[in-house]
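Please walk through this model step by step. Keep the sequence and the 3D view side by side as you read.

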Amino acid sequence: MKSLIPPLVVLAALGTLIAPLAGSARAQTAIKPAIVYSTGGKFDKSFNEGVSQGAQKFNKETGIAVAEFEPNNETQFEQAQRRFAQRGQDPIVAVGFSQAVALEKVAKEFPNTRFTIIDSVVNLPNVQSTVFKEHEGSFLVGVLAALASKTGKIGFVGGMDIPLIRRFQCGFEQGIKWANPKAELLANMTGTTPAAWNDPGRGAELAKGQFDRGVDVVYAAAGSTGIGVLQAAADSGKLSIGVDSNQNHLHPGSVLTSMLKRVDLAAYNSFKAAQMGNWKGGTQVLGLKDGSVDWALDKDNEKLITPEMKAKVDEAKGDIESGKVVVHDYMSDNSCK
Amino acid sequence: MSIDDVASLILLTLAATLRVATPLVLAAMGGLFSEKSGIIDVGLEGKMLMAAFFAAATAAVTDSAWLGLLAGIVAAEALALLHGFACITWRGNQVVSGVAINILAAGLTVVLGTAWFNRGGQTPALEGAGRLRPLFLPGAGDNILVYVALLSVPLTWWIIERTRFGLRLRAVGEMPLAVDTAGISVPWLRYRAVLLCGLFSGLAGAYLSIAENAEFSRDMTAGQGFIALAAIIFGKWRPFPAFGACLLFGLLDEVAIRLQGVRVPGVGEVPVQLIQALPYLLTVFLLAGLIGRAVAPKAAGVAYEKER
């Protein structure tokens, strides 16, 4: 589906109006930000939707419209990035690791346009690469899963089988073993193509297969596919763990917690920095220490989290932040120990 | 693992097989009617997708799974009529019409979904009365459509093999001229077959969105219509063997899910990619060796033109 929200022309005018009023030391510049989502779609209630929330926040605060494009398939990435750049959109946020190849090409063609890529690294002066330490956040929810599980069997459903998703799985497994060395992890990947991000039916079936084998807590790191996993858990009276965005509200009482990955901030900060005139290229690695990955606790899941669980996960968090526990990163050597 | 564990694991795998095979069975039975009458139906996939969308959309708005089911059937019937109009009335190419229906459904569902619900083509998640619930075994997901699918197989066999309508249906798929000579309307027979196909593919589509899952998402049929088509060919255009083929596909899928990450003695952990290719590999082997020659109805794909 090609939902191209047209860029607003009024903004240039608006920017000149606001600038004198703001009266700040640094003049705010009018920008025309844009987002190219990944194939999971803007409404995946997870990864892409997080980015979209960041854009909405920016829009609410500044009144600046953000142009968006939801590609149908991978071949549209390059086309979408280039079209935005040609139309003078700047900065442009590319969501997801799979856009890296396209971006490397497009960013070279438009050296004066600023790009931000989430979940991958592109080494060009006009590209800001934002990657997250998902293994640290996954470690925390792994601790919670191990403590919440009665059977000692915990499930993981990944989206596409790529090192990035293995990183989630590996961190999760370490968290489980840290809290309960005897617990067992059953892991499934949905597929080996990008279609694996958008197959809730298969996600549900994978989760049910794990429940049949004794799993009672399942962690989904699979974009839209995860919606099916969470649904299956709610249908079967099991616990699930959401990912990227806070998914606790999807099935209150069934979603144990969510591994938060603040992709919303990645988009928001890029736009904000461009507006303030202090946007910088380069790579930033965000983790637990700066609050960019975390676990979610709100009114929807507070009944599921006992004081002991909270104490234990706080301990783990402290240990990781202080360096006492080092969570192994799958992508550092492409193996989970 | 004790004997009890193994027994329950086998039982659960069988239940899961049935769950996965249900939409295949329904679609295959629908396709069988159509193909038996001489109308090739490549558009099973599109009909299922359209039905899945309208079922989920209606159920979300009205909060009634039954109205959703009805809407799904109506949507699939509309496409079935379109197919009939193109192929029977206007004697168009049946494969082209089927492909067109698939493309139409893939595009239209997302466009309508975006316009109505503004969620990138998804429909809102269904709760409570908006979904068809399991009847007896909550864990196994045995909603009413699973039983409908099981019953549809003997019913299809009985209609095709034992009724007058079935006899004429087979005749019109083999030699429409003979049927016409006997004074029976070829188009009317074929239209009825196509409408039966619409009914079953409507049920199959609705199963996906309001029974197995709780919302519509784009391309959610994921090729199941084509797998149903393959099952018809595997079953040599006969209901019970086609049913068997659907179960086999379902079982392979389930086994693939359950084998992931499992250590096989002597081999170690089997790579995910191999496990996921397993159903397709087996399909090729089966097609190449085991099932023998599959002969389609003689007049399948040929539009009937009355001689003047």
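Start with a crossing of two helices in chain A. Helix 7 of chain A and helix 8 of chain A cross in the right-handed sense (a crossing is left-handed if the near helix is turned anticlockwise from the far one by less than a right angle, and right-handed if clockwise). Helices here are DSSP runs of H or I with at least four residues, strands are runs of E with at least two, and both are numbered from the N terminus.

This is a predicted model, in which local features need pLDDT of at least 70, side-chain atom pairs count only at pLDDT 80 or more, and totals for chains, interfaces and linings use all residues. Residues are numbered from 1 along each chain as its sequence is written, while chains are lettered from A and ligands numbered from 1 in the order in which they are written.

Two packed helices are described by the angle between their axes and the distance between the axes. Helix 7 of chain A spans residues 200-212 and helix 8 of chain A spans residues 225-236; they pack at about 45°, with axes 7 Å apart. Axes are lines fitted to C-alpha atoms, for helices over the stretch in contact, and angles run from 0 to 180 degrees between N-to-C directions. Helix 7 of chain A and helix 8 of chain A are therefore oblique to each other (angles under 35 degrees count as roughly parallel, over 145 as roughly antiparallel, 65 to 115 as roughly perpendicular and the rest as oblique). Residues making this contact include A:Gly203, A:Ala207 and A:Phe211 of helix 7 of chain A, and A:Gly228, A:Ala232 and A:Ser236 of helix 8 of chain A. Contact means that C-beta atoms, placed from the backbone, lie within 7 Å.

Now move to chain B. Helix 3 (residues 65-89) of chain B packs on helix 4 (residues 94-117) of chain B at about 150°, with the axes 9 Å apart. That angle makes helix 3 of chain B roughly antiparallel to helix 4 of chain B. Their crossing is right-handed. Among the residues in contact are B:Leu79 and B:Leu82 of helix 3 of chain B, and B:Ile101 and B:Ala105 of helix 4 of chain B.

How do the two chains meet? In all, 27 residues of chain A are in contact with 26 residues of chain B. On the side of chain A that touches chain B, strand 7 (184-191), helix 7 and helix 8 of chain A each supply at least two residues. Helix 7 of chain A gives the most, with eight residues.

Next, look at two strands of chain A. Strand 8 (residues 217-221) of chain A pairs with strand 9 of chain A in the parallel sense, over three bridges (pairing takes at least two bridges found by DSSP). A:Val217 stands opposite A:Leu239 in strand 9 of chain A. Strand 9 (residues 239-244) of chain A is mostly covered: six of its six residues are buried. A residue is buried if 20 or more other C-beta atoms lie within 10 Å of its own, exposed if 12 or fewer, and partly exposed in between.

Is A:Asp119 buried or exposed? A:Asp119 is buried, with 22 other C-beta atoms within 10 Å. A:Asp119 has a positive phi of about 80° although it is not a glycine. A:Asn334 also is not a glycine, yet has a positive phi of about 55°. A:Asn334 counts as exposed, with 9 C-beta neighbours inside 10 Å. Last, the peptide bond from A:Asp90 to A:Pro91 is cis, with omega near 0°.

Technical notes
Two residues are in contact if their C-beta atoms, placed from the backbone, lie within 7 Å.
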